[in-house]
Amino acid sequence: VLIFEASCVRFPAIFLLLWPLLEIAGFVVVGKQVGVLATIALVIAMGVLGAALMRLQGFGVLTRIRTEMEAGRNPGRELAHGVMILLAGVLLLVPGFISDIIGLALFIPPIRDLAWRNLSRNVDFSSVVVTRGFGGRRNDGKTIDLDQEDYTSTPDPKSPWRRIDRPDV
């Protein structure tokens, strides 16, 4: 058990140590090819591009999540796409060319779909369908989860709850 735990801790530690070194190596390689000012301009441009793409694609994902929830379907795929877009934007904001390549790849919908298929195969997603969607609209069906003795159609005079018989609520 200790060997398994040590190997699980070792991989993230090695990854966290190597990532900045790889990014620095990327700066050196790109800097030699295009020059220092062009390298700095590329890093700034990627950050601006990441913020813009995150905003544009993020609003689209929010709209699709809302549509899925209003239709009573599971919005898990769209939520995963939203998280991947957020991760892509963060990777583009972080200075470095390797993180930029991964971030740009995550903005491509087919790559996000591939990641979603792999993720949904290995992780169980469950959702609860809310009876009131966005904007206060109701679904047509009603769900009552009571035993026979728990429900009566006549109001209880001792109950603190009052009955509202308005069709618009």
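The accessible surface of the protein chain comes to about 13200 Å². Carbon and sulfur atoms hold 67% of that surface. Areas were computed by the Shrake-Rupley method with a 1.4 Å probe, and for residues only the protein chains shown count as cover. The model is predicted: local features need pLDDT of at least 70, side-chain atom pairs count only at pLDDT 80 or more, and totals for chains, interfaces and linings use all residues. Residues are numbered from 1 along each chain as its sequence is written, and side-chain values use heavy atoms, with hydrogens and water left out.

Of the 169 residues of the protein chain, 20% count as buried. Buried means under 20% relative accessible area, exposed means over 50%, and partly exposed lies in between (1.4 Å probe, protein chains only). The secondary structure comprises five helices and zero strands. Helices (H or I, at least four residues) and strands (E, at least two) are DSSP runs, numbered from the N terminus. Along the sequence the pattern reads α-α-α-α-α. Among contacts with a separation of 6 or more, 59% join residues 24 or more positions apart. A contact requires heavy atoms within 4.5 Å.

Helix 2 covers residues 36-70 and has 35 residues. Its first and last C-alpha atoms lie 51 Å apart, close to the 51 Å expected at 1.5 Å a residue. The expected span is 1.5 Å times one less than the number of residues. Buried residues of helix 2 include T39, G47, G58 and E68. Just after this helix, G72 takes a positive phi of about 80°. Helix 3 has 18 residues, which should span 26 Å; the end C-alpha atoms are 26 Å apart, in agreement. The buried residues of helix 3 include G76, E78, H81 and G89. Their cover includes helix 2, helix 4 and helix 5 (109-122).

The largest nonpolar core has twelve residues: M46, V61, I65, A80, M84, I85, A88, L91, L92, L106, F107 and W116. Such a core is a set of buried Ala, Val, Leu, Ile, Met, Phe, Trp, Tyr and Cys residues joined through side-chain atoms within 4.5 Å. Helix 2 and helix 3 (76-93) each supply at least two residues of this core. Helix 3 gives the most, with six. Neighbours within four places in sequence aside, L106 contacts M84, L87, A88, L91 and R112.

S99 lies in helix 4. S99 is buried, with a relative accessible area of 1%. Its side chain reaches the backbone oxygen of L91 at 3.3 Å. Leaving aside neighbours within four places in sequence, S99 is in contact with W19, E23, L91 and V94.

Two aromatic pairs are present. Rings of Phe, Tyr and Trp (its six-membered ring) pair if their centres lie within 6.5 Å; planes under 30 degrees apart count as stacked, over 60 as edge-to-face and the rest as tilted. F15 and W19 form a tilted pair, 5.3 Å centre to centre with 50° between the planes. Both lie in helix 1 (residues 2-34), four residues apart, about one turn of the helix. F15 is partly exposed at 41% relative accessibility, and W19 is partly exposed at 22%. F27 and F97 form an edge-to-face pair, 5.4 Å centre to centre with 65° between the planes. F27 lies in helix 1 and F97 in helix 4 (residues 97-106), so this pair ties together parts 70 residues apart in sequence. F27 is partly exposed at 27%, whereas F97 is buried at 13%.

How values were computed. A polar contact is a pair of N or O atoms within 3.5 Å; within protein, one must be able to donate a hydrogen and the other to accept it, and residues adjacent in sequence count only if both atoms are side-chain atoms.
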